[in-house]
Amino acid sequence: MATQRVCIFNKYGFCKFKETCRNYHEKKICETSKCDARKCSLRHPRLCKFYRDHGFCKFGEWCCFSHETKKNIENTEVKELKNKILAMEKTDKEKDDLIKDLEIKMRMQEKKIEDINNMLITLTEKETSLLELGKRCNSLEEKLDDNFRELENKMSKEIENTDVENVHDELIKSMDRRIYVLEKRRLGTDFCDYCDFEFKLGSEKERKEKDIHIRNNHTF
């Protein structure tokens, strides 16, 4: 029926041709109170003059015209306005909830940014500490190098001033003395701790003899 022209008589009231009309007859009545009837394809029946003037119409609910009074129309408009207000309040509440959620998210993001800034500050402080430690390590390495070179110089001078042959002879004598003492002890002879006095190992008498020797000769 979309290709047919809408019947103007049926749209605004009664068409005498009814179902035999060559134009399209819409049955649904528009419920929008402030609708532009010229652009709307639904029915916009005018007020029944009998119902308007006498408050009664013999056709009753079967009348093709509107039986709505001004009061009913106003009530309908008020109801529509209330519904619009409720819808607006619902929309406002949804917007308020959305704003609250966004504020919570913003606070969370601000907290994250603050934590990141604190981490950056901590990392910067640690980096500064590491740089200072690196400088101190380099300074210590330089001091160690200087001390090592100084020690090398001192050792070189001491070696130059030392009679190597005498040191060698002393070492040989010391080693020979140790070998001699070890051999004597193996054969049962020991020496005084302070001189070359010899005595036999093993008996109580010989231990007393060592003690008497030390007391008489090495006690100050």
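The model is predicted: local features need pLDDT of at least 70, side-chain atom pairs count only at pLDDT 80 or more, and totals for chains, interfaces and linings use all residues. Residues are numbered from 1 along each chain as its sequence is written, and side-chain values use heavy atoms, with hydrogens and water left out.

Colleague: In what order do the elements of the protein run from the N terminus on?
Modeller: Helices (H or I, at least four residues) and strands (E, at least two) are DSSP runs, numbered from the N terminus. The protein has five helices and two strands. Their order is α-α-α-α-β-β-α.

Colleague: What percentage of the 220 residues is buried?
Modeller: Buried means under 20% relative accessible area, exposed over 50%, partly exposed in between (1.4 Å probe, protein chains only). By that cut-off, the buried share of the protein is 13%.

Colleague: What distance should helix α5 span at 1.5 Å a residue?
Modeller: Helix α5 covers residues 204-217, which is 14 residues. The expected span is 1.5 Å times one less than the number of residues.

Colleague: Which residues of α5 are buried?
Modeller: Look at the side of α5 that packs against β1 (189-191) and β2 (198-200). The buried residues there are Glu206, Lys210, His213 and Ile214.

Colleague: Which exposed residues does the face of α5 turned away from its buried side carry?
Modeller: Take the opposite face from the buried side of α5. The exposed residues there are Lys205, Arg215 and Asn216.

Definitions and conventions. Contact = heavy atoms within 4.5 Å.
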